[in-house]
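This report goes through one protein model piece by piece. Please keep the sequence and the 3D view at hand while reading.

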Amino acid sequence: MSEPLTAKQVAEHNTVDNGLYIIIDGAVYGMASFVDEHPGGAKILKRVGGKDASKQFWKYHNETVLKKYAPKLKIGTLKEEAKL
């Protein structure tokens, strides 16, 4: 696993071509390799690319889904940033 990523770094990976990262509960997942396998379709993942998708994820999935795919897709964690 890599160093913690900033929200800005995650936002830079908002398309399949540059990694398609999403955040779920502070963990960062690389979705580019999974986008075509996603049962809900690629469009849904592309819409949340580079963003925190926690709310959308938990609306349609349970913890079992996260446990199943996290080992393959998790690439790091979101770095805590100072809020001014």
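Ser-54 is placed in helix α3; helices (H or I, at least four residues) and strands (E, at least two) are DSSP runs, numbered from the N terminus. The model is predicted, so local features need pLDDT of at least 70 and side-chain atom pairs count only at pLDDT 80 or more, while totals for chains, interfaces and linings use all residues. Residues are numbered from 1 along each chain as its sequence is written, and side-chain values use heavy atoms, with hydrogens and water left out.

Ser-54 counts as buried because its relative accessibility is 10%. Here buried means under 20% relative accessible area, exposed means over 50%, and partly exposed is in between (1.4 Å probe, protein chains only). The side chain of Ser-54 makes a polar contact of 2.6 Å with that of Asp-52. A polar contact is a pair of N or O atoms within 3.5 Å; within protein, one must be able to donate a hydrogen and the other to accept it, and residues adjacent in sequence count only if both atoms are side-chain atoms. When neighbours within four places in sequence are left aside, Ser-54 is in contact (heavy atoms within 4.5 Å) with Ile-23, Ile-24 and Asp-25.

**The strands**

Two strands pair if DSSP finds at least two bridges between them. The pairings are listed here.

β1 and β2 form a hairpin with two residues between them. Most residues other than glycine have a negative phi. Asp-25, in the loop between β1 and β2, has a positive phi near 50°. Leu-20 also has a positive phi near 50°, and its place is in the loop between α1 (7-11) and β1. Which of the two classes, buried or exposed, does Leu-20 belong to? Leu-20 counts as buried because its relative accessibility is 0%. Asp-25 counts as exposed because its relative accessibility is 53%.

**Helix α4**

Leu-66, Ala-70 and Leu-73 are buried in helix α4 (residues 63-73). They are on the same side of α4 because they cover an arc of only 90° around the axis; the arc is that of the directions from the helix axis to the C-beta atoms. The buried residues of α4 pack against β1, β2, α3 (54-60) and β3. On the face turned away from the buried side, α4 carries the exposed residues Thr-64, Lys-67, Lys-68, Pro-71 and Lys-72. The N-terminal end of α4 is capped by Asn-62, which has a side-chain oxygen 2.9 Å from the backbone nitrogen of Thr-64.

**The largest pocket**

How much space lies in the largest pocket? The space is about 430 Å³. Of the 22 residues that line the largest pocket, Met-31, His-38, Leu-45, Phe-57 and His-61 are the closest to its centre. Two or more lining residues come from each of β1, α2 (42-48), α3 and α4. α4 gives the most to this lining, with five residues. On a 1 Å grid over the protein atoms alone, a pocket is an open set of points where a 1.4 Å probe fits, with protein on both sides within 12 Å along at least five of seven lines, and lining residues have an atom within 4 Å of a point. Grid points are joined across faces, edges and corners, and a volume is the space filled by probe spheres set on the points.

**The segment before α1**

Thr-6 is in the segment before α1. Thr-6 counts as buried because its relative accessibility is 18%. Not counting residues up to four places away in sequence, Thr-6 touches Leu-78, Lys-79 and Glu-81.
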